[in-house]
Amino acid sequence: MSTSTLTAASRLLGRPRFLDRLDLPRRLVTAAAGSMVLIVTLMLGFVAWNGIQIFLTPGSNAGSVFSTAWQPLANPASFGLLPFVTGTLAVTMLAVAISTPLSVGLALFLAEVAPVWARAVVQPALEIFVGIPSVVYGWLGITILVPWLRENFSGVGFTVGFSWLAGSLVLTVMILPTITSIAYDAFRAVPGDLRAASLALGTTRWQTIRHVLLPASAAGVLTAVILGMTRAAGEALAVQMVIGNRPTMPTGLTQPLSTLTSQITLDMGNTVAGEPWNQALWTMSLVLLLIAVGFVLLVRWLNGRRQTF
Amino acid sequence: MRRVLVADRVATATLWAIALAALLLLAAMIVHLVWAAVGTLSASFVLGDPEFLGLGGVGPVLWNSFYMLFLTALITVPAGIAAGIYMAEYAAEGRLTSAIRFAQEAISSIPSIVVGLFGLVAFVNLTGWGFSALAGSLALSVFNLPLMARLTEQALRAVPADERYASLALGSTKWQMIRHVVVPLAIPGIVTGIILTAGRIFGEAAALLFTAGLTTPSNYHFENLNVLDPKSPWSPFRPATTLAVYIWKVQSEGLGSSVKQIADGASALLLLCVLGFNVGARMISRVLVYRITRA
């Protein structure tokens, strides 16, 4: 109903009652939705404020933040964040590189190949994949994956099993349902006419997928990959449990390393607010927050470029 | 021409193989988790108190998980539904709406450990509550709220326009239409959303390490209903390790010889709870859809 009709009606009926004019429900739901803006603002504010403290405190050796040396207990202490930034990037990129072909394949299976019964099995399975808590993934990593790497691949350098590869493999499984479900939506958004037109030209199903479906849904698939990346970069406990937590620059797939999230998880409880070590951990969270916001902006930009049919 | 046909066959086979591998992996993980816990999951483990160094039980932490799920739902269900109603029914194109959308997406992308640190400052230190069930629930609410809002919005948008027109044509106000027509029709979707997000809350650990804490009073007396008494299991102002956090704590401390057994048992229990939420969501949504469409 348009506002002008309402105004006309209220003129006929006399002034609306005070409560109606106040429109309390509308105010309430607006406040509830608006609270999310408040939360994000507060979160950005708190994390940014705490994250820059190390640069404002004299004598905290803030210059070392951009180095590769993480020695919070040495004298003078050094708070190089590069090992963790690189570690997060390394673990995330490898996980995405392994998971993307599998997830996109699974999404293609669901969208193009699967008969009804197979879809009825795979889709609930994906929901269960999402539902498995990250500590459970981490525990499975510790009890199955890490010993398996150590016992069967010690020849290629898996001395302890806790490693870059172990972290990436756990993340591969964790982001599989994320990428799959969003890529699946992207494939389904491609209208059937495009498929029909391609198949009418005598192409095979795979040719249609490769030359019609994938190009038409490219922006959507890329969005799926970035959201998978977001989840991988932000995952804390599962990664911390299998990665070995060695705060040095990544040296190889078989070696332990550390990430932003895993180091915060481990160290936060051992530090006292206000000391440089604690401030450095906040700087790490600020970096994580900025990465997350960057990914959100990237996804928004991609959505703007998404082909609509 | 033959090569094209071969490529098609190979591609189809590969896609089937990927799907089959994913299913096998899931089945293997679930079977392994349940199998590893078969000897452990007894009544004394599920309900008993933890013991220092010994096997003990997970009763208090399991209670904490459900208790904090309840607290979080108390905050996010009304707020999330209200926010969803705004997004679906009131939001006009404008600065406020796009700010809300951005906030919604941003919170979903922010790592839960960072949400936990925010909670440490905002809900643990500034409020003076210390590590507490309430601080933990508020941290959980931070990232559950946008999720709940989105699921509600989707459920509301799925209500056919005809129902709205019919209501307005009867002379209802917009709010009467939302309250008596749109929301009731969207209930199945909303309830399914609540239960599915419950699974996520139940399994979350990173946001709770520094908000609900790594300790919990045990030896609960449920007849103690004084919510201000930190020894009461009903009190929101006490540290409250959840089941998921307990798994992480046990394995990272690595004390005693029962670590593996405890973590195996607790992981299986956690998995079964989450699976329960998943199955429950499907069943309840089916029942609700049946009831509402029949009426």
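1. Basis. This is a predicted model, in which local features need pLDDT of at least 70, side-chain atom pairs count only at pLDDT 80 or more, and totals for chains, interfaces and linings use all residues. Residues are numbered from 1 along each chain as its sequence is written, chains are lettered from A and ligands numbered from 1 in the order in which they are written, and side-chain values use heavy atoms, with hydrogens and water left out.

2. Chain B, make-up. Chain B has ten helices and zero strands. Helices here are DSSP runs of H or I, at least four residues, and strands are runs of E, at least two, numbered from the N terminus. The C-alpha trace of chain B spans about 70 × 65 × 40 Å along its principal axes.

3. Chain B has 295 residues, and 53% of them count as buried. Buried means under 20% relative accessible area, exposed over 50%, and partly exposed in between (1.4 Å probe, protein chains only). The accessible surface of chain B is about 13500 Å², with 67% belonging to carbon and sulfur atoms. These areas come from the Shrake-Rupley method with a 1.4 Å probe. Take the contacts (heavy atoms within 4.5 Å) in chain B between residues at least 6 apart in sequence: 75% join residues at least 24 apart.

4. Helix 5 of chain B. This helix covers residues 112–125, and its 14 residues should span 20 Å at 1.5 Å a residue; the end C-alpha atoms are 18 Å apart, which agrees. The expected span is 1.5 Å times one less than the number of residues. Helix 5 of chain B bends by about 35° at B:G119. That bend is the angle between axes fitted to the seven residues ending there and the seven starting there. Of the 14 residues in helix 5 of chain B, 13 are buried, so the helix is largely enclosed by the rest of the structure.

5. The core. The largest nonpolar core has 179 residues. Such a core is a set of buried Ala, Val, Leu, Ile, Met, Phe, Trp, Tyr and Cys residues joined through side-chain atoms within 4.5 Å. A:W70, A:F129, A:V135 and A:Y137 have the most contacts inside it. Helix 7 (residues 164–188) of chain A gives the largest share of this core, 14 residues.

6. A:V135. Neighbours within four places in sequence aside, A:V135 is in contact with A:L237, A:M241, B:A205, B:A244, B:I247, B:W248 and B:L270.

7. A:A48. This residue lies in helix 3 (residues 24–56) of chain A. At 28% relative accessibility, A:A48 counts as partly exposed.
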